[in-house]
Amino acid sequence: MHVAVRDTVLFSYCESCLLPFKVECHIGYIPSKQRVVGLSKLPRVAEVFAKRLQNPQRLANDICYALHQSIKSAGVVVVLQCWHIQIPKAEMKGSDGLHSHTLKLGMQNWNSMFVHSGFGVFEDQTSVSWRDFLFVARLRGVMGTNDFQDWCPMRPQEISSCNGHDTRNPSKDRYPSKYNDMVAAATTILKSLGEDSLRKELVGTPQRFVKWLMNFKRSNLEMKVLIDSAHGGTKIAVGEIQHELNLQFWSQCEHHLLPFHGMVHIGYIDIEGNSINRSVLQSIVHFFGCKLQVQERLTRQIAEAVSSIVSGGVIVMVEAIHICMVSRGIEKVGSTTGTMVSMGQFSSDIDAKEKFQEIVWNSPNH
Ligand SMILES: [Zn+2]
Ligand SMILES: [Zn+2]
């Protein structure tokens, strides 16, 4: 007999950068002497090992080994599909919108990998037991080969290979000494989690975490420069609704210090018919996004900034995935949070608002 528990969704924490990663866990086993354990035990064991600093392969090995020890079966197998959040991309600073049709809100852009671990009859991947498990877990055909080098996006910049020797070096000297306190604080966090900060997988983790956080350092927006460069686009019919959709943003939830990211859709009316360059709107979105934020304030601040440039009205809609909510189980993976602020003509003219909503509704990403 084969038993499989599929699709248990977990969150674990990347030992290389401390960011959470999503796990879809599939566990199979073959009971020995027809002794069946309570099925709820399997995901519970998985959850215990997910709640620590991990990489996908060790997580699979830990779960598999623990189950193998405790249920004494003829074989245990664990398959994990894991997703790691990407880092804010440089191109979002001045996106020209050319690639916006490929952007989608969700985890599609996250780094994904399959790993597996097997004991007993599952040690041989060519065995009938393996094939039966893939069938029962409905995994056949989905597992590919993975390159672990691509897993944590905070790592690749550090890797250089010399004649086959891995010369990976977290290069402390690349971190300006002004970040020493932050690196020391992150090391304290590791120790407080009960980890040995000198464990080889954790060397460089505090620096990567600090580097990630510094993406969200407060900065000042040269609002005047922006406004000066805002116009100059084509003039269009006076009073017409103009829009820019799918402006990407990254932000850091100020309540949990975890990222949220998504898309901003902006509609505006200028009574003189001026249009605003997409790159200017993207800069505004980037500026208010890339810091400690909450989504409601982000939405309002973008609307206020745009309304200082145009003379008729502004409407802003933000759609986001909050890692702090999905990783704590408050929201399901894949659920999003939407916010909207309307100002000027959009708050009084229901037709104008509906027109913008139609545009967003009918855009390819919806
Ligand atoms: Zn990582
Ligand atoms: Zn939060």
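In which sense do E9 and strand E11 pair, and over how many bridges? The two strands pair in the antiparallel sense over 10 bridges. E11 covers residues 313-322. Strands pair where DSSP finds at least two bridges between them.

The model is predicted: local features need pLDDT of at least 70, side-chain atom pairs count only at pLDDT 80 or more, and totals for chains, interfaces and linings use all residues. Residues are numbered from 1 along each chain as its sequence is written, with chains lettered from A and ligands numbered from 1 in the order in which they are written.

The protein has 11 helices and 12 strands. These are DSSP runs numbered from the N terminus (helices H or I, at least four residues; strands E, at least two). Of the 366 residues, 36% are buried, meaning that 20 or more other C-beta atoms, placed from the backbone, lie within 10 Å of the residue's own.

Strand E9 (residues 258-269) has 11 of its 12 residues buried. Strand E8 (residues 242-253) runs antiparallel to E9, joined by 10 bridges. E8 and E9 form a hairpin with four residues between them. Leu257 in the turn has a positive phi of about 50°. Gly262 of E9 is the bridge partner of Phe249. Gly262 also stands opposite Ala320 in E11.

Helices H7 (residues 278-289) and H8 (residues 295-307) have axes that come within 10 Å and cross at roughly 140°. Axes are lines fitted to C-alpha atoms over the stretch in contact, with angles from 0 to 180 degrees between N-to-C directions.
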